[in-house]
Amino acid sequence: MASVTISNVQKNYGAMNVLSAVDLSIADGEFVVLVGPSGCGKSTLLRMIAGLEEISAGEIRIGERVVNDVAPKDRDIAMVFQSYALYPHMDVASNMGFSLLLRKTAKELVMNRVGSTAKRLGLDLLLQRLPRQLSGGQRQRVAMGRAIVRDPKVFLFDEPLSNLDAKLRVHMRTEIKALHQQLKTTSVYVTHDQIEAMTMADRIVVMHDGYIQQVGTPLELYDRPANIFVAGFIGSPGMNFLPAVVRRTGGKLMAEIADRQMIALSPELGVDDGDRVTVGIRPENIEVGGEDLQATIEVIEPLGLSTQFYVKLADKQVCIFAMGRTDRAPGETISLGIKQADVHVFHEASGLRIA
């Protein structure tokens, strides 16, 4: 196992800048998830760690070793791809052990490692099957097994679950997390799915337009997003945003939204009367039946255990997540409650969170 240190790394394709001054330290044994929308640079950064992309500037270390000019095969990393990348003419055992045989590892040791890894992954009864005889989940486990048998310093995962159906994706992310808890190998995982990031990561790196927006534990990013982008990206359903103007009235600090309704703010916020801000409220932090705001129901989505409401508030569609079921109907006017502590406030111009 080893740490990964990325220092001032940049990537350019001609005049186009893809990654800008990226700094990131990943501890030995840590599971770090790079997350962001398509085109944000997360896969490019992973491929640079793997040695599949050249670095335009900066430095990458695996352990104490600078690997900028080290060939991928000599970096002691193992990569799991979105497409599985299995040899179609080889059975499961041969696919898992092939890289070790290329390294001239003793055949007996290869079979021992393949056997023990296959048992751990539930593949021990499938070792003689070809990839075409396997389900999508089984193929992904073979790809993971091929990485595990190498006992690398670092695992790299490039959106490994995106080809699976929703139910299998939930199952496989649980398996990957359980495996990491057993192996304790440094892992870097790329995904555009923020639910995968929240459920699997020790720390999340949120990226956008080639820059790191915020690094932290899942709950740090959820509770204290650094800016509007992180606040909107992390969380499902996403955070609601309402443009507002700060008002100091009767010794209280309030945010006046478009229809002149007021949302209470913490009096300790660093804002002045008349400041233009964006108020952020998570769907689960809006209480149906409160006394703060009035809104009109547009859509109701019953989920069994819970209900999602989409309401019209201050000319914006706002999502509300409520436990239990409802007898309300679209078109009704409802009262809403919002706790002061659950309101996030962001600078309108910069998008940065106001602490």
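Buried residues are those under 20% relative accessible area, exposed ones over 50% and partly exposed ones in between, for a 1.4 Å probe and protein chains only. The model is predicted, and local features need pLDDT of at least 70, side-chain atom pairs count only at pLDDT 80 or more, and totals for chains, interfaces and linings use all residues. Residues are numbered from 1 along each chain as its sequence is written, and side-chain values use heavy atoms, with hydrogens and water left out.

**View 1. Helix α1 and the residue that follows.** Helices are DSSP runs of H or I with at least four residues, strands are runs of E with at least two, and both are numbered from the N terminus. Because 7 of the 9 residues of α1 (residues 42–50) are buried, this helix is largely enclosed by the rest of the structure; the buried residues are K42, T44, L45, L46, M48, I49 and A50. After α1 comes G51, with a positive phi near 90°.

**View 2. Surroundings of M96.** With contact taken as heavy atoms within 4.5 Å, and neighbours within four places in sequence left aside, M96 is in contact with V114, T117, A118, L123, L127, V142, G145, R146 and V149.

**View 3. The largest nonpolar core.** Such a core is a set of buried Ala, Val, Leu, Ile, Met, Phe, Trp, Tyr and Cys residues joined through side-chain atoms within 4.5 Å. The largest has 42 residues, and those with the most contacts inside it are M96, I176 and Y189. Helix α4 (residues 136–148) gives the most to this core, with 5 residues.
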